[in-house]
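Work through the exercises below with the sequence and the structure open. Try each task before reading its solution.

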Amino acid sequence: MTMDAIRRATPHDAAQIAHVHIESWRSAYKGIVSNDYLASMDETARTANWQEWLGSSVPIFVSTENAIVVGFISGGPIRDPIDDYEAELYTIYLLQHAQRRGIGTALLKELAHRLHEDGFRNMAAWVLEDNASSNFYEKSGAHRVASKQIEIGGAMLPVVAYGWPSLRTILSLE
């Protein structure tokens, strides 16, 4: 399979984004987040959430293969200040078969381009510390800038913030 396109998400993508979101959590966070929490994730409820989010001004992009969403990314103004970072990567998730094929990097570049156009100079992202995909952030030029604990499914889990001091670092990725 090859990537068809990266495009701005529409409300019609909500169900497919919800599916990618939940399946990505179940594969990426198995053994990190409780199995009960992962099993309780509901696509219908998540679809409703995504329909709402897709109606907002937050840039959300999808990657498709054969017209099916296999990954997505979103970001915008930073929600919880970290040093002098202005923008935040809110979500990036890909189905397992779409990982390690350059799709995540292509999505990251698309978001960075949009944020740069909107006047942002840099970006940070919060990531579960035990996430096996942490090297993705480092390979794209980010480095650890902060850490904290968050609650997921009744458990406190460590998260780290990765920061890109300049969006130009992302825009220059091959």
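**Exercise 1.** Decide whether Ala18 is buried or exposed, and list what Ala18 is in contact with beyond its neighbours within four places in sequence.

Solution. The model is a predicted one.
- Step 1: Ala18 is found in helix α1.
- Step 2: The relative accessible area of Ala18 is 0%. Buried means under 20%, so Ala18 is buried.
- Step 3: With neighbours within four places in sequence left aside, the contacts of Ala18 are Glu43, Arg46, Thr47 and Trp50.
- Step 4: For a distance, take His97, which is 79 residues from Ala18 along the chain. Their C-alpha atoms are separated by 17 Å.

**Exercise 2.** How many of the residues of strand β2 are buried, and which way do they point?

Solution. 
- Step 1: Strand β2 covers residues 60–65, and six of the six are buried. The strand is therefore largely enclosed by the rest of the structure.
- Step 2: In a regular strand, side chains alternate between the two faces of the sheet.
- Step 3: In β2, Ile60, Val62 and Thr64 point one way, while Phe61, Ser63 and Glu65 point the other way.

**Exercise 3.** Find the strands that are joined to β2 by bridges, then give the order of the strands in the sheet.

Solution. 
- Step 1: Strand β1 (residues 5–8) is joined to β2 by four bridges, and the two run antiparallel. Here Ile6 stands opposite Ser63.
- Step 2: Strand β3 (residues 68–77) is joined to β2 by six bridges, again antiparallel. Here Phe61 stands opposite Ile73.
- Step 3: β2 and β3 form a hairpin with two residues between them. In its turn, Asn66 has a positive phi of about 50 degrees.
- Step 4: The open sheet has seven strands in the order β1-β2-β3-β4-β5-β7-β6, with mixed pairing. Its edge strands are β1 and β6 (143–152), each of which pairs on one side only. On average, neighbouring strands are turned by 25 degrees against each other, direction ignored.
- Step 5: Further along, six bridges join β5 (residues 123–128) to β7 (residues 155–164) in antiparallel fashion, and Met123 stands opposite Trp164.
- Step 6: Helix α4 (residues 103–117) lies across β1, β2, β3, β4 (87–94), β5 and β7, at about 35 degrees to β3.

**Exercise 4.** Describe the lining of the largest pocket: which residues lie nearest its centre, and which element supplies the largest share?

Solution. 
- Step 1: The largest pocket holds about 1,300 Å³ of space.
- Step 2: Its lining has 46 residues, and Tyr29, Thr91, Ile92, Tyr93 and Tyr137 lie nearest the centre.
- Step 3: The largest share of the lining, seven residues, comes from β4. Other elements that each supply at least two residues include α1 (14–28), α3 (43–54) and α5 (134–139).
- Step 4: Sorted by class, the lining has 25 nonpolar, 13 polar and eight charged residues.

Key. Residues are numbered from 1 along each chain as its sequence is written. This is a predicted model: local features need pLDDT of at least 70, side-chain atom pairs count only at pLDDT 80 or more; totals for chains, interfaces and linings use all residues. Side-chain values use heavy atoms; hydrogens and water are left out. Buried means under 20% relative accessible area, exposed over 50%, partly exposed in between (1.4 Å probe, protein chains only). Two strands pair if DSSP finds at least two bridges between them. Axes are lines fitted to C-alpha atoms, for helices over the stretch in contact, and angles run from 0 to 180 degrees between N-to-C directions. Contact means heavy atoms within 4.5 Å. On a 1 Å grid over the protein atoms alone, a cavity is a set of points where a 1.4 Å probe fits but cannot get out, and a pocket is an open set with protein on both sides within 12 Å along at least five of seven lines; lining residues have an atom within 4 Å of a point. Grid points are joined across faces, edges and corners, and a volume is the space filled by probe spheres set on the points. Ala, Val, Leu, Ile, Met, Phe, Trp, Tyr, Cys and Pro count as nonpolar, Asp, Glu, Lys and Arg as charged, and the others, Gly among them, as polar.
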